[in-house]
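Dear colleague,

I am handing over the structure below, and after it you will find an account of what turned up when its atoms were examined.

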Amino acid sequence: MKDSYQAKFLVKLEEKYGTWNQITSRFGATSFGQISKDLSISPSQFSKLISGTATEGMYIRSIENINRLLMHQEIEQKLQSLEAQNGQIKEEMESWKMKVQRNRRGFIQSGLLGILLGGLLLWLFLPGTWSPGQAENSSRHPLSQYFDRDFQANFNSPYLDINEVQEFCPCSGYEGEWSLSKPYKLPIPATRQPGVYYLARSADVRMKCSRYDSLPAGKGSVLMAYEFLINEIWVDTEHLPFSPLYFDEEKKSYTPLFDTLVFEHHPRFKKVATIHSFFVDKFEIRPDSIIRKGEPYGRFAHEIDEELSQRHGINVKYILENVLGDLTTTNCSAIPNPFCNPNDLEEGLSTMNFDCLYTIRSENLGIGGGYPYQKGYKLVKQMYGDNLTCRCQDSTGNE
């Protein structure tokens, strides 16, 4: 498998830089050192990629980086082409001006053409009017512009620099993109009628090490996360009571009927609104456990079905400010650290799942306790995951 990745990597290098000359250690006219800088990796990592001793993750990330370089190159070529067209248009405009001076009878027509051409130039070249991928970015994480730009762009990434990775281990292994490991749903109490529900649909999360906050163990023990969540409010149009149909109050657990319930597959349930939320987490990474503390930083509802909400007496604003406000400040239990050795983290497989309990202040929802739920995170894209050198220790400090 590594052989195939190595072959793809070499093909991509030649596509970007030119033929590999093994005698001069160059691809085309570009040295290995310059290429490693372009890919934001160390020369030793580049040597591993060339020799076939790198990990699959390193090959995948490096191939993705080359693809981004090729895309950037293509965009530059298109811009150069547009600039050439711009020069031609300017020449044509000058020609038209000369004709206007020679023949005032064509003034109105020439002026209209000049306005049209000027508008085209403004649309193409003024900052902020258009940029590649603008439509795609509109639905991405609100901090994407700060975290996810091309590494050659003029910006300062919040992720660790390559020379800080080992210094901030194990936290550095967690840096990157995470998602909600699976959706979860909860009843929304404190409404006029039963049958209103909250569905956590998805989360686009960026995690980064804190450079200035640490546990007594030292650097690399505190991880910050910035969550962009998309959630929904649903209503059971028949307003059936939640318990005992969906919740066993004695066992404090959901019934199998609720666990398997999919709102959009049941005609009795209708979506009232979509909610976008922004959330900030702090994870304390200890050798034997991970502790999560979170705080909401704002939420808003859109795509509200006003007719449906009025018909069923659902006050979306009240739910946002009072009910969900208590939900998102719920504390979750610590979990055993499944990645005491951060090299065990794997893209697409590694998860952190926290057991939480939802209550409303001291009322405990009238059931003598709260509603349990599990909020989990799955690693999507790891910023650095090659041979982290910090050792796994138990709580006594023994290896």
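In this predicted model, the side chains of Lys219 and Glu167 form a salt bridge, with 2.3 Å from N to O. The two partners come from distant parts of the chain, 52 residues apart, with Lys219 in the loop between strand S6 (196-209) and strand S7 (222-236) and Glu167 in the loop between helix H7 (144-147) and strand S4 (176-180). Lys219 is partly exposed, at 45% relative accessibility, and Glu167 is also partly exposed, at 40%.

Arg201 is partly exposed, with a relative accessible area of 29%, and Glu264 is partly exposed at 42%.

Asp281 and Arg292 form a salt bridge as well, with 3.1 Å from N to O. Asp281 belongs to strand S10 and Arg292 to strand S11 (residues 289-302), so that the pair ties together parts 11 residues apart in sequence. Both of these residues are buried.

Glu303 is found in the loop between S11 and helix H9 (306-311) and is exposed, with a relative accessible area of 51%. Lys252 likewise has a phi near 55°; Lys252 sits in the loop between S8 and strand S9 (253-254) and is partly exposed, at 31% relative accessible area.

Which cysteines are joined by disulfides? A search of the whole structure finds 3 disulfides, and one of them joins Cys169 to Cys390, with an S to S distance of 1.9 Å. This pair links distant parts of the chain, 221 residues apart, with Cys169 in the loop between H7 and S4 and Cys390 in the segment after strand S14 (371-382). The link is left-handed, with -50° about the S-S bond. Cys169 is buried, with a relative accessible area of 8%, whereas Cys390 is partly exposed, at 21%.

Another disulfide joins Cys171 to Cys209 at 2.2 Å, S to S, and this link is left-handed too, with -130° about the S-S bond. Cys171 lies in the loop between H7 and S4 and Cys209 in strand S6, so parts that are 38 residues apart in sequence are tied together. Cys171 and Cys209 are both buried.

The disulfide of Cys332 and Cys356, 1.9 Å from S to S, is right-handed, with 100° about the S-S bond. Both Cys332 and Cys356 are buried.

Finally, there are two cis peptide bonds to note. Cys169 is joined to Pro170 by a cis peptide bond with omega about 10°, and Pro170 is found in the loop between H7 and S4. Ser243 and Pro244 are joined by a cis peptide bond as well, with omega about 10°, and Pro244 has its place in the loop between S7 and strand S8 (247-248).

With kind regards

Definitions and conventions. Residues numbered from 1 in each chain as written. Predicted model: local features only at pLDDT ≥ 70, side-chain atom pairs only at ≥ 80, totals over all residues. Heavy atoms only, no water. Salt bridge = Lys/Arg side-chain N within 4 Å of Asp/Glu carboxyl O. Helix = DSSP H or I, 4+ residues; strand = E, 2+ residues; numbered from the N terminus. Buried < 20%, exposed > 50% of the residue type's maximum accessible area, 1.4 Å probe, protein only. Disulfide = S-S within 2.5 Å.
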